[in-house]
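Please read the following note with the sequence and the model side by side.

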Amino acid sequence: MIQAFGLTSNSRKHCPPAVDDLTFEARAGCATALLGAEGAGKTTTLRLMLEFQQGRGITYFRGRPLHRIAHPSREVGVLLGDVPGHPARTVRGHLRMLCAAAGVSVRRADEVLEVVGLVSLRDERLGTLSRGMDRRLGLACALLPGPHTLVLDDPADGLSPRECHWLHGMLRSHATQGGTVLFTTADPKEAARTADRVVTLDKGRLVADQDVTDFARTRLRPRVAVRTPHAVRLAALITKEARTTQRSVEVVREGGNRLSVYGSTCADVGEAAFRHGVLVHQLADETGDMGPEAGPLLSEARYAPEGTQPDARESESTGSAAPAVGSAEPPVAVIEGEGPVQASARAAEELKAADPLSPLPPPISVRSAPSPMRPLRYELRRAAGIGTGFLTGAAVLVTSALTAVLLARFGHTPQPRLLAAWPRELPLPPAALGAGLLGALAFGDEFRHPALAADRGTVPRRLGLLAAKLVVTAATALLLAFLTVGCDAEVLYLVYGRELADVPADWLSLGASWIGLVVGCAWAGVLAAGVSRSTTAGLAAVVAVPVVVVPLVQKALEGPSVRVVAGFSTRLREVFLLQWPFGGERYVSAVARVLVQPVGSALTLSLSALLCAYLLTTLRSRVR
């Protein structure tokens, strides 16, 4: 059950708010439609309810606000706009990634694919789906955690009649099983076909809250659609005959050569046109939309004889707890187990307790998106679900091998740089650049194709997600570092012989430096992209380390000073009086030698600064 009280959006400049003091409820076991034309405030209402947009008011989902629900995705399934996701990801891979984010079994992905009829398209890419299949996938994403409530924004937009029929059956099935369904639509006929209750909005205000039977009687009426080049003459003739026979007939000019005749039949209108020799191009029975106010505005070409009851357009809804059409008073929300008076008193007390000094409803603050419940599994499926990482790794290996062969041919390159394919003219070797790109993509793709927080527009900066990305990118960078050196050594052996493929004598310190460089670049890309929300900025930060930071560190270390750090590694070794098992002090010494080098110092400083910036933005977003 959904209960919304006093929803009001923040007004911009001097424009009125898109939603103004809106109160309604959507009951469990029923499908409720938010009906309104474009700009009526339907989408804004949903965003206020889901705390995606700032404003005022409060919304209860089965008695609790959304920010007090431990796992919101398991309580409310949401579909707003298009389905977010990388266009190169498969349908099944996208759902499996969301399974890890929602903390449900991976088998759930196949179950919802069968429910929405996408089993045959599970290996299709998201970028190749049609509009109808895209909406089916969106419904599958909403159903994935098994929520009690579905909140859908215009789910039938762009669907064919057959697909709309399927969608309506799905929504009815979910409501029949005891769930709550709230969807928006601009078509009154669709609302009458699908919903059990219709909430009508106009310019952000509540116009009517009706049972579907009352809605159909007051809003939708049968009519005869007429198209004729003599519309004015035919309207006058029909009105005159209705006055003569004392029948209640209404003729409405729809513009141009179109008429809508209420209270008559095709036979009567056709006979009247035939008797007076009026040419008719179209004559058909339709169901007319009487507009959101459905009553006060009537056509001048209407005739109702004295003593007769007004037609359904003017009649009030009787036998229903819903307010009359056009009523300014909002409906009373009824909580399960409570009467209307108790429910209203409880809501008033909660609103007063939230802000005792203000008569307005409590403010709605935008909450941060939830972090994936299984971050490491989520990140593994995110990284392996598209071919970008594999293509990047293959391009790095090929580029590195070709560079190593060319450097060996020209000569004057030390063997360690030869194995790493690192010319002195380049700031970074291909492997480090590739690792930095993969790290930048780890957060950059989240902002370009969000999966966790598509409706909020931001990606959660939780430390669990950051740790998962750092672990996955570090493992990828290590694999890339080993494969690069191995491929370069093998290619050099095949082309030039064993002389250039020998292992250097100081392989331990060189290996530590190489691994530290590649992993450091990958982590720099992750942190920089997380702070700047851009893959390009993340890769630029990686390149800036050797181009900008290293010269500054070199200048600081080589400049005139009273104290120098020469012999730091030797003195560090002397501190450890006890011998480490398996010669572990050698590794500590190797790490120390790496850190005192300009590149190692610059990379360490850069990673520290980026990590501090990331933590600062995380804390700032939580404070807000």
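1. Phe5 is buried, since its relative accessible area is 9%; buried means under 20% relative accessible area, exposed over 50% and partly exposed in between (1.4 Å probe, protein chains only). Tyr60 is also buried, at 6%.

2. This is a predicted model, in which local features need pLDDT of at least 70 and side-chain atom pairs count only at pLDDT 80 or more, whereas totals for chains, interfaces and linings use all residues. Residues are numbered from 1 along each chain as its sequence is written, and side-chain values use heavy atoms, with hydrogens and water left out.

3. Rings of Phe, Tyr and Trp (its six-membered ring) pair if their centres lie within 6.5 Å; planes under 30 degrees apart count as stacked, over 60 as edge-to-face and the rest as tilted. By this rule there are two aromatic pairs. The ring centres of Phe5 and Tyr60 are 6.1 Å apart and the planes stand at 70°, so this pair is edge-to-face.

4. Leu259 counts as buried because its relative accessibility is 1%. The C-alpha atoms of Leu259 and Arg227 are 6.3 Å apart, although 32 residues separate them along the chain.

5. The largest nonpolar core has 84 residues, and Leu95, Phe183 and Phe443 are among those with the most contacts inside it. Such a core is a set of buried Ala, Val, Leu, Ile, Met, Phe, Trp, Tyr and Cys residues joined through side-chain atoms within 4.5 Å. Apart from it lies another core of 25 residues, including Ala40 and Val199.
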